[in-house]
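Let's take a friendly walk through a protein model, looking at its side chains and its strands. Have the sequence and the 3D view ready as you read.

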Amino acid sequence: ALPQFEIRSWNGCDSIVKVQFDVLTPAVTIQEAGTDFCDSAQTLLEAHASNVREDAVRYQWSYMDSVMSTSSTMWALSDGTYALSIEDTTTGCEASTTYKIDPCVPNIFLPNCITPTRSTNEGPVQNDYFYLDQFVQRFISEVKFMVFARNGEQVYAYEGVKNPMGQFEPMPPFANLPPEMNGRLVLWDGTVKGRIVDGTYTYALWIVSGGQSYLYKGKLIVM
């Protein structure tokens, strides 16, 4: 409700007074305060609210219809559109805005050989698996992976979609992975029907990044 004022002259006589009131509504903007998103696959988003009391602002950040933060800042770990709404708790007035992070084309390293049959003393553990590292995963929203034997038979397949928390669902069916593989998305462990079979295979990897689909094909030696 608008405030009401009663104005009287010093001697009680009537007078006409014109007063102009400017109603200031809350507003909010978003700025990147962290490193460039494509350099580190993350950036800090910072809210700047105006026409509100700083100690009486309620924040709510959303991504893909999920609430991600209720503070004045949040870390963005994926490209896409982030929504921010604020409320002045003293007046109930609200404001909202969005911020879009453009996708980055991922630079993916894919091995041409894995060694799941090696002894535990030979080489890095990650050489035992066909995987996507944690950095690359941040640029990818969907993944589909298939492996074919030399006769054209499909021997393995996986398909996953990233959820708002940055994890792929469903997770690939590999249990008891060594600690060195934490954070890595293991696409294949070199087994066929539960058994490691040495040989040369063909793979096809589809990824979706920033709404664009990319296809990678190649030969993979299991030894």
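Glu 87 and Arg 58 form a salt bridge, with their closest N and O atoms 2.9 Å apart; the term stands for a side-chain nitrogen of Lys or Arg within 4 Å of a carboxyl oxygen of Asp or Glu. This pair links distant parts of the chain, 29 residues apart: Glu 87 lies in strand β6 (residues 80–88) and Arg 58 in strand β3 (residues 57–63). Strands here are DSSP runs (E, at least two residues), numbered from the N terminus. Glu 87 is partly exposed at 22% relative accessibility, and Arg 58 is partly exposed too, at 49%. Buried means under 20% relative accessible area, exposed over 50%, and partly exposed in between (1.4 Å probe, protein chains only).

A word on the source: this is a predicted model, in which local features need pLDDT of at least 70 and side-chain atom pairs count only at pLDDT 80 or more, while totals for chains, interfaces and linings use all residues. Residues are numbered from 1 along each chain as its sequence is written, and side-chain values use heavy atoms, leaving out hydrogens and water.

How many salt bridges does the structure hold? There are 2. Arg 53 and Asp 55 also meet in one, at 2.9 Å from N to O. Arg 53 is partly exposed at 47%, whereas Asp 55 is exposed at 61%.

Now turn to the strands. An open sheet of 3 strands runs in the order β1-β2-β5 with antiparallel pairing; two strands pair if DSSP finds at least two bridges between them. At the edges are β1 (27–32) and β5 (73–76), each pairing on one side only. Strand β2 (residues 43–50) pairs with β5 over 4 bridges, and Leu 45 stands opposite Met 74 in β5.
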